[in-house]
Amino acid sequence: MSIRQRHIAQLYLHGSLNEEQYGHVIELVSGITPHVQEMPPDAVQLDLTSALRYFGLSPYDVVQMTMMRLKALYGIDGSAGLAGNRMLAAMAADVSAPGETTWVPAERAAEWLRPRPVTALPGIGRGTAATLGRFGLHHIGQLADLSPATLQRLLGAGTARLLAERARGHDPRPVLPREPADRLTADLVLERDCLDPAEWHRSVLGLADRIGQLLRAERRVAGRVTLTVRYADRSSSTRARTLPEATDHSPALAAAALGLLSALGLQRARVRAFTLRADRLRPAADAFHQLSLDPADTRARAAEAAADRARRRFGPDAVRPAATARPGRDCRDSRGGGVSWPMAG
């Protein structure tokens with residue numbers, strides 16, 4: 001049984017990209033292959049092996065298609081390297097001019113590597129290069145020709161073994177998509193010690209809404225929430241609650257978080273910060289939602305979806321729960337802007 005040849009591409013994104021723009025890039029390339037390794041702020045690696053049959057194109061043409069889409073949709077210029085493994089793709093990308101792609105086919109990898117300086121190999125720093133230079137080893141081909149025993153005497157067993165493999169163009173590392181975090185956290189540090197229960201209520205509501213937004217953006221649901229309150233004397237209290245059903249619905253998260261706040265029984269506490277954590281996360285597609293005959297629940301979820309669309313278009317502060325609005329002087333500097341929307345519960 002033959003082993004399918006891998007095709008790895010590394011894209012460098014030219015220009016100063018913010019977090020939102022980098023997210024657009026990841027979303028676009030994830031539509032080409034699910035095997036995407038993020039390398040923020042200006043690079044990304046793709047395993048194109050499984051995508052070639054779908055598109056019916058050569059690896060080079062898939063890379064060109066990706067770069068054209070980035071330019072057409074987001075105005076992002078790039079350069080790329082294409083090879084049979086991650087190391088060679090990164091090295092090829094390093095020598096590619098803006099707008100160009102350097103392709104190193106597997107059968108030409110050794111030939112392409114030989115004349116390159118040893119400093120082009122990942123893992124060779126200034127000290128290692130100086131050591132090799134003292135023995136007249138300046139090019140990768142010279143490392144590849146050196147016996148393992150000789151290289152081991154120069155650099156030590158571990159380093160010699162790794163560099164010998166890399167000098168021959170070997171790199172078995174897979175492209176690893178980012179693993180989703182097993183928890184999401186939102187916190188708020190107040191400008192000064194706060195004794196106002198109404199402000200505590202607003203603060204926890206705001207954190208629950210933020211957690212809900214993050215969950216929906218990542219298409220996940222949470223099975224438990226934990227609230228931590230930190231006080232002026234640096235002590236803290238923590239309460240956790242398992243949710244009746246895993247959810248990404250902000251009002252449900254808010255109800256649980258406010259229940260935890262009430263359970264703490266704070267009276268004249270001098271509160272300095274709140275942290276709300278959602279864990280026991282899983283994909284939203286795997287969750288079950290108990291159907292409700294209450295039309296208010298349907299309206300609340302529709303309003304929530306509309307608010308999320310507005311935030312994606314106009315920014316995260318475009319819409320926020322009306323209950324978090326502050327009528328006057330409070331424990332924080334007032335924040336203006338945005339459109340409020342009613343939150344059920």
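Which helices do the buried residues of α6 pack against? Let's walk there together, starting with some ground rules.

This is a predicted model, where local features need pLDDT of at least 70, side-chain atom pairs count only at pLDDT 80 or more, and totals for chains, interfaces and linings use all residues. Residues are numbered from 1 along each chain as its sequence is written, and side-chain values use heavy atoms, with hydrogens and water left out.

**Stop one: helix α6.** Select residues 126–134, which form α6 (helices are DSSP runs of H or I, at least four residues, numbered from the N terminus). Colour T128, A129, T131 and L132: these are buried (under 20% relative accessible area with a 1.4 Å probe, protein chains only; exposed means over 50%). Because they cover an arc of only 160° around the axis, they sit on the same side of α6 (the arc is that of the directions from the helix axis to the C-beta atoms).

**Stop two: the neighbours.** Show α7 (140–145), α8 (148–155) and α9 (157–167): the buried residues of α6 pack against these helices (contact means heavy atoms within 4.5 Å). After α6, pick G136, whose phi is positive, near 75°.

**Stop three: α1 and α3.** Select residues 19–30 for α1 and 59–74 for α3; their axes come within 11 Å and cross at roughly 135° (axes are lines fitted to C-alpha atoms over the stretch in contact, with angles from 0 to 180 degrees between N-to-C directions). To see the contact, display H24, V25, L28 and V29 of α1 with T66, R69, L70, L73 and Y74 of α3.

Methods:
Helix = DSSP H or I, 4+ residues; strand = E, 2+ residues; numbered from the N terminus.
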